[in-house]
Amino acid sequence: MISKRLKRYFINRKISTALKADRSGDSLAPLKTIGVLVNSKEFDRSEAFLSLIDTLEILNKDLKIITFVKEEKSVPAFQQNYFTAKDVTWKGVIKKPEIVEFVNRSYDVFIGYYSQGDQHLDLLSAQINAPIKIGLKGVDERIFDLLFKIQPQDYAVFESELKKYLTILNQNR
């Protein structure tokens, strides 16, 4: 009980620290790299994001997808890019190397594809380095620059709206 409170406290502190970091130096560059964080509880078809490669005309290697899974037991055997609450220490430090690499990489666009707030998802989203952070309505609005008011199950709508907004942003550079 106390350890959960301590973990919650430290994670909230890390989120606040990450949000205070100066992002003014981030400039809009041509769209090349995209990072996606998905909550498997809300959207279990993370492979649907592979269609962004064709839609946004990016290379396969430039799309990185990480899935948050509540319990490790529910992870399919073939899935590698996932993390659980156990991959974050009680001090809010990420200990899984694949997730640390994902967080430390710079992206042109970051997508937080979840609508139910979760500290672990918010922690990763706040620490990501990207000039544009896109999320879904219902999450911590301090983290994201653009929020879509759609349900996670409406992926086709999300993809078409994403393309529309990114096209507008690319024209205004």
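Reader: Hi! Which residue of β2 stands opposite I34?

Author: That would be L63. Strands here are DSSP runs of E with at least two residues, helices are runs of H or I with at least four, and both are numbered from the N terminus. Before we go on: this is a predicted model, where local features need pLDDT of at least 70 and side-chain atom pairs count only at pLDDT 80 or more, while totals for chains, interfaces and linings use all residues. Residues are numbered from 1 along each chain as its sequence is written, and side-chain values use heavy atoms, with hydrogens and water left out.

Reader: Thanks. How many bridges join β1 to β2?

Author: There are 6, and the two strands, β1 being residues 34–39, run parallel. Strands pair if DSSP finds at least two bridges between them. On to β3 (residues 82–83): β2 pairs with β3 over 2 bridges, also in the parallel sense. There, T67 has Y82 as its bridge partner.

Reader: What sits over the face of Y82?

Author: K96 does, at 3.6 Å from the ring centre. The rule asks for NZ of Lys or CZ of Arg within 6 Å of the ring centre and within 35 degrees of the ring normal.

Reader: Back to β2: why is it largely enclosed?

Author: Because 5 of the 6 residues of β2 (residues 63–68) are buried. Buried is under 20% relative accessible area, exposed is over 50%, and partly exposed is in between, with a 1.4 Å probe and protein chains only.

Reader: New topic. Is S125 buried or exposed?

Author: Buried, at 0% relative accessibility. S125 belongs to helix α4, residues 119–127. Leaving out residues up to four places away in sequence, S125 touches L37, F110, Y114, K133, I143 and F144, where a contact means heavy atoms within 4.5 Å.

Reader: How many aromatic pairs are there?

Author: The count is 17. Rings of Phe, Tyr and Trp (its six-membered ring) pair if their centres lie within 6.5 Å; planes under 30 degrees apart are stacked, over 60 edge-to-face, and the rest tilted. One of them is F49 with Y113, edge-to-face at 5.0 Å centre to centre and 80 degrees between the planes. F49 lies in the loop between β1 and α2 (52–55) and Y113 in strand β4 (residues 109–113), so the pair ties together parts 64 residues apart in sequence.

Reader: And what about Y113 and Y155?

Author: Their centres are 6.1 Å apart and their planes at 70 degrees, so that pair is edge-to-face. Y155 lies in helix α5 (residues 155–171), 42 residues from Y113. F43, F49, Y113, F148, Y155, F158 and Y165 make up one aromatic cluster.
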